[in-house]
Amino acid sequence: MSIPWIIKYRPKRIEEVVGNEESKKKFIEWLESWVKGKPTYKATLLYGPAGVGKTSLVEAAARTYGYDLVELNASDQRGESIIKRIVGVAASQGTLMGSMSRRIILLDEVDGMSEEDKGGVKAIVEVLEKTRQPIVLTANDAWDPKLAPLRSVCLMLEFKRLKQWEVVKKLREICLREGIEVDKEALEFIAKRSEGDLRSAINDLQTVSQGRRRITIDDVKWLPYRNRIEPIFDVLSMIFNAKTVATARRALSLIDVDPDMMFEWIYENTPSQLTDPRDLAIAMENLAKADLFRSRVKLLQRWELLSFVTELMTGGVAVAKEATKSKWTPFHFPERIKFLSSIKSEREVMNSIASKIASRCLTSRRTALSDIIPYILFILRSNPDYGVKLLKSYDLTSSEIEFLLGKAGVASIEAPRKRSRST
Ligand SMILES: Nc1ncnc2c1ncn2[C@@H]1O[C@H](COP(=O)(O)OP(=O)(O)O)[C@@H](O)[C@H]1O
Ligand SMILES: [Mg+2]
């Protein structure tokens, strides 16, 4: 889980780089012109928005054609002397072992070269004149004035945003390899949101897949709020790793979230973060107290009690962590909040389920809700296979069955089976 999917699924071969077929083809032709010893241009400039596969293409091409890759990227210093020393040497050296040690020189994101890289562009132009190895430059903005001297000496290849179906296709492949079942709607939602940036789409997919074997539209609906959510992850991480009440408490002052909302986040994540039952018991006790004060604040308008709430829900959880071994566990989105934001409210789904059961059992919807559904949840917990069979006989849809499984705390009927087979 810890390895980012954008790295795990980075294309290894050219064929795995999707989209921009025309530019890809020209790029390969250009590389081949080097192999034939008659390069059309000394360098190419691959330009276009982020996350469309410019860097990946160069890396995959190097692998596919057996080139070594010498890479200087945005985090490296790229001033005049460095370019001349590293790039100049790599580019001018003849190959030692004949064709076996050909190399591609990649200067990634040249538009990001800073003031400190003064003279860098001029040095690149000089190196290009003498190079005996193919040089590839990439940039988001090829029309940046400082790149003008490069434009006239490079083969310019534009990379556009990927099409929605191209993004969907790649995401689907990843799901298949990860053993995740995913609804078409959910994939389309992620793809659309990415605006053709496959890197961000893959990151989104990984985020929503945490702890899930099946992804529905409801699981991805909250992604647009992610920018607001990421700071919350930081705060949670500070709270769960704080050694003192004061540090845990201070975490809250970092962002502007409503304490009720923060309470949900902490409450939801405490069981997965504090895996030792002794720690968990103490933390839950403190959260229960915080909750009690919270209701007093609200009901009695006793605002002076608010500091007890914050102290207990932050420090009370932080100091409870004693026996739990430290290991990185992802945070997840509070179920209670997620349901509120999903298209259909929980109550609507529940009512529709209750109506179906009611008509089958010749009773009222109300009785189905109060008497039959709790019993069904019990059956689902003790014998999920049988419970699902029962629900199917009531003509419930698979998403309604999933919903009840969720309610019963059985994540998905498929998941445990798959897992037990593979272990
Ligand atoms: N066209 C593509 N085909 C396959 N994977 C891609 C593509 N574009 C982006 N990716 C994925 O996103 C990650 C980042 O892509 P990258 O090549 O660094 O994009 P760029 O250089 O255009 O910003 C890659 O590691 C890969 O997982
Ligand atoms: Mg790149």
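1. Ligand 1 has 20 residues around it, and I6, V18, G51, T55 and S56 come nearest; a residue is near a molecule if one of its heavy atoms lies within 4 Å of it. This is a predicted model, where local features need pLDDT of at least 70 and side-chain atom pairs pLDDT 80 or more, while totals for chains, interfaces and linings use all residues. Residues are numbered from 1 along each chain as written, ligands are numbered from 1 in the order written, and side-chain values use heavy atoms, without hydrogens and water.

2. A polar backbone atom of G51 is 2.8 Å from an oxygen atom of ligand 1. For K54, a polar side-chain atom lies 2.8 Å from a ligand oxygen, and for R199 the side-chain distance to a ligand oxygen is 2.9 Å. On its own, ligand 1 has 550 Å² of accessible area (Shrake-Rupley method, 1.4 Å probe), of which the protein covers 97%.

3. The shell around ligand 1 consists of 11 nonpolar, four polar and five charged residues. Asp, Glu, Lys and Arg count as charged, Ala, Val, Leu, Ile, Met, Phe, Trp, Tyr, Cys and Pro as nonpolar, and the others, Gly among them, as polar.

4. Domain 1 (5–158) and domain 2 (164–220) each give at least three residues to this shell; the bounds come from an automatic or database domain assignment.

How values were computed:
Polar contact = N/O pair within 3.5 Å; in protein donor to acceptor, adjacent residues only side chain to side chain.
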